[in-house]
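Hello,

Here is the structure we talked about. Please open it first, then read my notes below.

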Amino acid sequence: MKRLLPVLCVAAGAAAAQPIPASDDEIHAFVRADGNADGVLTPVEFRVFVQAMARAGQPTAQQIRFFGAYGYAFGVVDRNRDGVATPEELRRGDDAHRAGD
């Protein structure tokens, strides 16, 4: 648990600064998906995150899972193309998708 606490704080703090606060489902899914607890998600970890969020009923994640569009969605989320998705990038990507961008 000690190992996960910093990630939980990073995920919660980053998402809380955005227009829609992180839900408990999002925080728990992020912490579970972030296998190495580095505070960002690789493409493999992103897939685990999306699957957990889809099971929790999150609409964007359900669409990604339905279409098997994990790679495409990761490319959209990873705005700076550094190969990882931060909590901020995840929130911005979902907000943009919900806004129709």
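Which glycine takes a positive phi just after α3? Glycine 57 does, with a phi of about 95°. Keep in mind that this is a predicted model.

Start with helix α3 itself. Helix α3 covers residues 43-55, 13 residues in total. From first C-alpha to last, α3 reaches 18 Å, close to the 18 Å expected at 1.5 Å a residue. Several of its residues are buried: Glu45, Phe46, Phe49, Val50, Ala52, Met53 and Ala54. What do the buried residues of α3 pack against? Four helices: α2 (24-33), α4 (59-67), α5 (70-77) and α6 (87-98).

Next, the pairing of α2 with α3. Their axes lie 8 Å apart, at an angle of about 145°. The crossing is right-handed. On the α2 side, the contact uses Asp25, Glu26, Ala29, Phe30, Arg32 and Ala33. On the α3 side, Glu45, Val48, Phe49, Ala52 and Met53 meet them. By class, that contact has seven nonpolar, no polar and four charged residues. Glu45, Phe49, Ala52 and Met53 are among the residues buried in α3.

Last, α4 and α6. Their axes come within 10 Å and cross at roughly 85°. Angles of 65 to 115 degrees count as roughly perpendicular, so α4 and α6 are roughly perpendicular to each other. Pro59, Thr60 and Gln63 of α4 make the contact with Asp94, His97 and Arg98 of α6. By class, this contact has one nonpolar, three polar and two charged residues.

Best wishes

Terms used:
Residues are numbered from 1 along each chain as its sequence is written. This is a predicted model: local features need pLDDT of at least 70, side-chain atom pairs count only at pLDDT 80 or more; totals for chains, interfaces and linings use all residues. Side-chain values use heavy atoms; hydrogens and water are left out. Helices (H or I, at least four residues) and strands (E, at least two) are DSSP runs, numbered from the N terminus. The expected span of a helix is 1.5 Å times one less than its number of residues. Buried means under 20% relative accessible area, exposed over 50%, partly exposed in between (1.4 Å probe, protein chains only). Contact means heavy atoms within 4.5 Å. Axes are lines fitted to C-alpha atoms, for helices over the stretch in contact, and angles run from 0 to 180 degrees between N-to-C directions. Angles under 35 degrees count as roughly parallel, over 145 as roughly antiparallel, 65 to 115 as roughly perpendicular and the rest as oblique. Ala, Val, Leu, Ile, Met, Phe, Trp, Tyr, Cys and Pro count as nonpolar, Asp, Glu, Lys and Arg as charged, and the others, Gly among them, as polar. A crossing is left-handed if the near helix is turned anticlockwise from the far one by less than a right angle, and right-handed if clockwise.
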